[in-house]
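Have the sequence and the 3D view ready.

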Amino acid sequence: SGRITEVRERRRRVVEAAELVVLAAPPGANLRLLRGRRGGLLRRGGWCTDVTSVKRPVVDLAERLGLEGVFAGSHPLAGTHESGFAAAKPSLLEGAVVYVTPVKQGERAGEEVADYWASVCGAQPVTCDAAEHDRVLAWTSHLPQAVASALAAALSRAGPRGVTVGPGARDTTRLAASDPRLWQDVLLLNREALLPALDAVEGELGRL
């Protein structure tokens with residue numbers, strides 16, 4: 001569709017030519033990529049962001065690396081259980097909320113990254129604190145994923161065999177089709193905020 005205009009063999013050659021670098025790998029890989037940014041791979045005047053759904057570890061690392069002048073974290077709320085190029089859509093980010101989480105004293109980078117999401121992708125950037133983002137997303141995103149995966153596992157391991165699964169079970173377990181390696185990273189990186197949410201669900205199941 002013309003979205004990819006050039007392919008380069010070396011990462012350094014890619015980022016040196018870019019006005020904005022977006023780290024869009026799984027969470028653990030994004031942290032490794034950000035560490036690789038330490039050597040000043042961005043061109044002068046360039047910016048960097050990521051799309052990891054856990055923000056505090058990324059922003060804390062960027063702060064330790066002294067990247068407040070060029071980096072701000074991002075999390076577009078536009079994902080599905082699908083992955084890979086086959087799941088790509090030109091309008092995926094249009095109208096989507098994108099959380100932008102600047103590093104301390106990195107307001108300028110946060111503004112530039114937010115402008116990118118709004119002007120280029122048609123999204124709706126919302127600036128927030130990384131720790132608050134992770135606390136909220138633990139309940140509204142990571143907990144639903146964990147519950148769907150747990151239900152799917154229970155149905156698979158202990159449910160009746162050879163039965164037709166109804167729409168309720170299909171709807172409730174849809175998220176369980178997500179990439180388990182990616183979600184292992186997410187749940188472990190945000191476990192401090194996620195554990196109280198899991199405890200709350202466990203309590204409600206016991207009450208039920």
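## The sheet

Two strands count as paired if DSSP finds at least two bridges between them. In this predicted model, three strands form an open sheet with mixed pairing, in the order β3-β4-β5. The edges are β3 and β5 (124–127), each of which pairs on one side only. From one strand to the next, the twist averages 25 degrees.

## A closer look at β3

Strand β3 covers residues 72–76 and runs antiparallel to β4 (residues 97–102), with five bridges joining the two.

Five of the five residues in β3 are buried.

## Helix α5 over the sheet

Now turn to α5, which lies across β3 and β4 and runs at about 140 degrees to β4.

## Where α5 meets α8

Helix α5 (residues 130–158) also packs against helix α8 (residues 191–207), at an angle of about 55 degrees and with the axes 9 Å apart. That angle makes α5 oblique to α8. The crossing is right-handed.

Which residues in α5 meet α8? On the α5 side they include Asp 134, Arg 135, Trp 139 and His 142; among their partners in α8 are Leu 194, Pro 196, Leu 198 and Val 201. By class, this contact has twelve nonpolar, one polar and two charged residues.

Terms used
Residues numbered from 1 in each chain as written. Predicted model: local features only at pLDDT ≥ 70, side-chain atom pairs only at ≥ 80, totals over all residues. Heavy atoms only, no water. Axes fitted to C-alpha atoms, helices over the stretch in contact; angles between N-to-C directions. Helix = DSSP H or I, 4+ residues; strand = E, 2+ residues; numbered from the N terminus. Parallel < 35°, antiparallel > 145°, perpendicular 65-115°, else oblique. Left-handed = near helix turned anticlockwise from the far one by under 90°. Contact = heavy atoms within 4.5 Å. Nonpolar A, V, L, I, M, F, W, Y, C, P; charged D, E, K, R; others polar. Buried < 20%, exposed > 50% of the residue type's maximum accessible area, 1.4 Å probe, protein only.
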